[in-house]
Amino acid sequence: MQTTEQTKSGTPGDMNHPSREEWMAHLYNELPRPEQARLAAHLKQCPECRARVAAWRSAKFSLDEWKLPVLRPATTAQPLLKWAVAAALVFGLGLGLSGGYLLSVNARELAATRHEMQAQFQAQLDSQREQLIAEMAKQSGATLAAFKAVNAAHLSEVDSLHKELETMAVLTETGLKQNHDQIVSLADNETPPGAPGR
Amino acid sequence: MSGSFLKSWSTLFSVSDEQAMWRVKLQDDPQAFAQLVRRWEGPIQALCTRMVGDGHRGEDLAQETFARVFARRKDYQSEARFSTFLWRVALNLCYDELRRIKRRRESFLEDESAGGDERGQVAETPGPDLRLVEQERAEAVRGALLQLAEPYRAVVVLRHYEGLKFREIGEVLEIPEGTAKSRMAEALSQLSQILSHTLIDEGEVKCKPQNRPSRELLVI
């Protein structure tokens, strides 16, 4: 079968005929209203176009002769589910509006309870913190006392050493003095004969 | 009015085709895919039936279309409309099927000329679901459509039966909108000729399409 794809169907030499593309848009109502009116007006006064469009329109109507059986309809579960969701939303909205007061009372009670619990918890926390600080202070005092005791022990030891050292120094000095005196006396007693004055 | 209101209200809770397909692509979401199948199995089955001219084969092709869509879910581009993607897959499967039918027919004719059996051509077997009263005229239209070349038939099916705009047909077939319109005009011209001959041959002069234009013209 011969098939051609022309872009224009106007009679050669007469450019006033609408193209067949325009006629197809006209037949399937895809033109704006003014364009539809323009083509309809042309059709009334142009026997040539009227004959061609009549043939197309006839074939178009003939296509409707072939009807297919109604295919399996879409399941109704999905719309029912959608409506159930919609009903639940509407119900929830109504419940929210009517129960607003109750919800606000509950909210106030909840806030009060929350504040009370918060205060109790804060007091407990403060008490534990003070105990901890006191214990740490006590432990610090004991440590300081221990340091002081050790320090005192060291000081007394140093003091006793110092005293022992002084005693030794005195004893040494005394001993040295005695030795010196003995040496002097020995020297006097052993003067050689013939020495003058003796 | 209440129906449209309910419809528009219900759409508030529905997921778009593109969103559903995105879930299928990224998460292999079976529920989203089932939703797409529910929405589109009717139109796709109708498209395939019109293209190949057989209801049973159309049903098989529709199932194959969804199987193909799932298999190719990673190829889906987020910026593309899901319907365009789906129509293309379905049409390509229809073209493949028509080529197979043509090969079988040619093989059958060779066998017949060589003295083979006389079974009827599968593609031209009347659909079982056609109503008996309109069967002859419906069969004439079905036969006329099958005589159209596939590019013209695709435009007719998408525009006339599936209700796509010419712009959308251009997107699906990847042709300019003007080409879609010119193919439609050519298809209607050929159908007019085929149907007039067919119906005259069958003695259905009263049903001849050319007998009705004078009344239809007044509608314009």
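Start by selecting helix H3 of chain B, residues 30-52. The helix bends by about 50 degrees at Trp40(B), and a proline, Pro43(B), follows within four residues. The bend is the angle between axes fitted to the seven residues ending at a residue and the seven starting there. Helices are DSSP runs (H or I, at least four residues), strands are E runs of at least two, and both are numbered from the N terminus.

Before going on, know what you are looking at. This is a predicted model, where local features need pLDDT of at least 70, side-chain atom pairs count only at pLDDT 80 or more, and totals for chains, interfaces and linings use all residues. Residues are numbered from 1 along each chain as its sequence is written, while chains are lettered from A and ligands numbered from 1 in the order in which they are written.

**Stay on H3(B)**

Colour its buried residues. Among them are Ala32(B), Leu36(B), Trp40(B), Ile44(B) and Leu47(B). Buried means 20 or more other C-beta atoms within 10 Å of the residue's own; exposed means 12 or fewer, and partly exposed lies in between, with C-beta atoms placed from the backbone.

Now click Gln35(B), also in helix H3 of chain B. Is Gln35(B) buried or exposed? It is buried, because 21 other C-beta atoms lie within 10 Å. Gln35(B) touches Val15(B) and Ala20(B), leaving aside residues up to four places away in sequence. Contact means C-beta atoms, placed from the backbone, within 7 Å.

Step past the end of the helix. Just after H3(B), Gly53(B) has a positive phi of about 80 degrees.

Select residues 150-161 of chain B, helix H7. H3(B) and H7(B) pack at an angle of about 140 degrees, with axes 10 Å apart. Axes are lines fitted to C-alpha atoms, for helices over the stretch in contact, and angles run from 0 to 180 degrees between N-to-C directions. The two helices are therefore oblique to each other. Which residues of H3(B) meet H7(B)? Ala46(B), Leu47(B), Arg50(B) and Met51(B) meet Arg153(B), Ala154(B), Val157(B) and Tyr161(B).

**Zoom out**

Show the whole of chain B. It has 10 helices and zero strands. Buried residues make up 32% of its 220 residues.

Chain A averages 76.

Key: pLDDT is the predictor's confidence in each residue, from 0 to 100. Angles under 35 degrees count as roughly parallel, over 145 as roughly antiparallel, 65 to 115 as roughly perpendicular and the rest as oblique. Two residues are in contact if their C-beta atoms, placed from the backbone, lie within 7 Å.
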